[in-house]
Every structure is written in C-alpha cells, then in structure tokens.
Amino acid sequence: ARLGVALLYQNLGGFDDAVRELETAAGSPLAPGSVVAQWVRAKAHRLRHAAASPDDWRRLDAAVAALAPRFGPASGEPVILKAEVAAAQGRLVEAAQLLRKEAGRRPGDTRLWAALAHAAADAGGTAAGLAVVDEAQ
C-alpha cells in the first residue's frame, strides 16, 4: 500500500512525501529488493538536488549496505545501487570502479555490465562506455 501512495505522491509532484513513503515501505522486513532499490534511487535523487550533507550521504550508503541481503547472494543490485549513490554525489570514477570490480566477479550479469557501461560513459565519455559494451559481448 505504501508503494502505491509513494507513486501517487510522485505523480503529484510531492517528491519528499514519496521518498518518505518509500523509506517506510523499504523499512519493512517483508519489503522485496525492488522496493529497497526504488527508495535508494529516489532518496539519492532528492539528496542530489538538495543541499545534502556528507552525513546524509553516509546514512544512505549505510542503508544500502544494511539492506543488501534483501536482494539475495546472487544479485549484483546492491553494488549497482552503491555505484548509483556514488555517481549521484559526483564520484563517477569510483562508481565505475565499483562496478568494474563486481563485473569481474559476475561476468554473466548483464544488468551489471549495462550499469558499468553507463558509469564508464559518465566518467570517461561515450567511447569509454562503448568499450565496456564491446568487452561485455
């Protein structure tokens, strides 16, 4: 129900209210990884567009680490989220490095390679992103 309310708030332009509802939903021990991912992305977006303090970012990084087990041991999603949070802070090279390391551990994870290509393009330009796509093939 909270996810529906969050989407309603988001559609009405109430982004802070949407983030609050997503945070509550993600805090439930029954919330699936998809709800956690949606909250992390929304929260990172809000922090990026607000004057967020380093403590705000540290808390979000800590939440990503704490909620990682919700995705299961075979998922690369926690690393993708961690990289997205780093990129939202302008730490583009660090985001690409996180994804590169994880892609080495999970060479068959196409979502991870796609995220790495995007991060590489953000950090080093289109040619860098295309090089990752070529490597992934």
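Predicted model: local features only at pLDDT ≥ 70, side-chain atom pairs only at ≥ 80, totals over all residues.
**Ground rules.** I number residues from 1 along each chain as its sequence is written, and my side-chain values use heavy atoms, without hydrogens or water. Local features need pLDDT of at least 70 and side-chain atom pairs 80 or more, while totals for chains, interfaces and linings use all residues.

**Overall fold.** I looked up the secondary structure and found 8 helices and 0 strands. Helices (H or I, at least four residues) and strands (E, at least two) are DSSP runs, numbered from the N terminus.

**Helix pair.** I checked α3 (residues 33-49) against α4 (residues 54-67). Their axes, lines fitted to C-alpha atoms over the stretch in contact, lie 11 Å apart at about 170 degrees. Angles run from 0 to 180 degrees between N-to-C directions. That makes α3 roughly antiparallel to α4 (over 145 degrees). I list contacts as heavy atoms within 4.5 Å. On the α3 side I noted W39 and V40, among others; on the α4 side, W57 and L60 are among them.

**Cores.** A nonpolar core is a set of buried Ala, Val, Leu, Ile, Met, Phe, Trp, Tyr and Cys residues joined through side-chain atoms within 4.5 Å. Buried means under 20% relative accessible area (1.4 Å probe, protein chains only). The largest such core has 23 residues. W39, V40, W57, L60 and V85 have the most contacts inside it. Helix α3 gives the most to this core, with 8 residues. I then followed V85: beyond its neighbours within four places in sequence, V85 touches V40, A44, W57, L60, D61 and V64. A second, separate core has 16 residues, including I80 and L99.

Technical notes
Parallel < 35°, antiparallel > 145°, perpendicular 65-115°, else oblique. Buried < 20%, exposed > 50% of the residue type's maximum accessible area, 1.4 Å probe, protein only.
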